[in-house]
Amino acid sequence: MGTSSSILNHPKTMIPGTFEYVKLRLRFRVPYPIFKERLVPAVKEAKNINVQRESYIPLEFKVMIALRMIGRDSDCDTASELSGVPKSTCNNIFNLGFSSSFYDDFVYFPEKEEDLKGVMETF
């Protein structure tokens, strides 16, 4: 979780075009403003990734685990290895928390050709 923490806490992560902004976007397939202003609050509001109970895993990291699995087509074992979070917890974060509530809202194929071109240029 150390590397993810340094990306989230770095002041340049919020500035489009900087190395940190681009790194977060490439690793987690989402721009920082959408991550911070839409995804994290939506997950907190939905209360489906165990946000009511105190956890040693910050909510932002839980969202990052789910995004990494989606964005890189990873499995729970890889997410566990990268984050230090137990594999069973990564599985719960993704399957019970994120994908059941948010997958259809945030993961989709662009409908317009120009939107697809924009995505392809970005990645």
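How exposed is lysine 36, by relative accessible area? In this predicted model, lysine 36 has a relative accessible area of 37% and is partly exposed.

## Helix α3

Helix α3 covers residues 32–46, which makes 15 residues. At 1.5 Å a residue, the helix should span 21 Å.

After the helix comes lysine 47, with a positive phi near 55°.

Side chains of opposite charge can pair when their charged atoms come close. The structure holds two salt bridges.

One of them joins glutamate 60 to lysine 36, with 3.7 Å between the closest N and O atoms. This pair links distant parts of the chain, since glutamate 60 belongs to helix α4 (residues 59–71) and lysine 36 to helix α3, 24 residues apart. Glutamate 60 is partly exposed, at a relative accessible area of 22%.

## A salt bridge within one helix

Lysine 117 forms a salt bridge with glutamate 113, and their closest N and O atoms are 3.5 Å apart. Both residues lie in helix α7 (residues 113–122). They are four residues apart, so about one helical turn separates them.

Lysine 117 counts as partly exposed, at 47% relative accessibility. Glutamate 113 has a relative accessible area of 54% and is therefore exposed, the cut-off being over 50%.

Note on methods
Residues numbered from 1 in each chain as written. Predicted model: local features only at pLDDT ≥ 70, side-chain atom pairs only at ≥ 80, totals over all residues. Heavy atoms only, no water. Helix = DSSP H or I, 4+ residues; strand = E, 2+ residues; numbered from the N terminus. Expected span 1.5 Å × (residues − 1). Salt bridge = Lys/Arg side-chain N within 4 Å of Asp/Glu carboxyl O. Buried < 20%, exposed > 50% of the residue type's maximum accessible area, 1.4 Å probe, protein only.
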